[in-house]
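Have a look at the model first.

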Amino acid sequence: MTNKEKYDKIFMDCFAVDKTALNAKFVYQCVPEWDSVGHMGMIAEIEEIFDIMMEMDDIIDFGSYTTGMETLAKYNIEF
């Protein structure tokens, strides 16, 4: 499984959405599941799957599907 496939699966599992929903318009609170609790669950899953520990500023700034990929690039996760 590629990093992109892993990343997409996290979003699909955490927020109960189809892959077609994952684009630049998929942002924090665009679905009811992506609230503060859902956000932290997603972050925990990302950290586990990619074996990283994100900085608090990055967790706070992780506000969209596309921004998340940019953030993960700082941790040498390539898509």
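## A salt-bridge network

K4, D8 and K19 are joined in a network of salt bridges (a side-chain nitrogen of Lys or Arg within 4 Å of a carboxyl oxygen of Asp or Glu). This is a predicted model, where local features need pLDDT of at least 70, side-chain atom pairs count only at pLDDT 80 or more, and totals for chains, interfaces and linings use all residues. Residues are numbered from 1 along each chain as its sequence is written, and side-chain values use heavy atoms, leaving out hydrogens and water.

D8 pairs with K4 at 3.1 Å, N to O. The two sit four residues apart in helix α1 (residues 3-15), so about one helical turn separates them. Helices here are DSSP runs of H or I, at least four residues, and strands are runs of E, at least two, numbered from the N terminus. D8 also meets K19, at 3.7 Å, N to O. That pair links distant parts of the chain, with K19 in the loop between α1 and α2 (36-50) and D8 in helix α1, 11 residues apart.

How accessible are they? D8 is buried at 2% relative accessibility, while K4 at 30% and K19 at 46% are partly exposed. Buried means under 20% relative accessible area, exposed over 50%, partly exposed in between (1.4 Å probe, protein chains only).

## Another bridge

K74 and D58 form a salt bridge too, their closest N and O atoms 2.6 Å apart. K74 lies in the segment after α4 (65-73) and D58 in helix α3 (residues 56-61), so the bridge ties together parts 16 residues apart in sequence.

## The fold

The chain has four helices and zero strands. Of its 79 residues, 38% count as buried.
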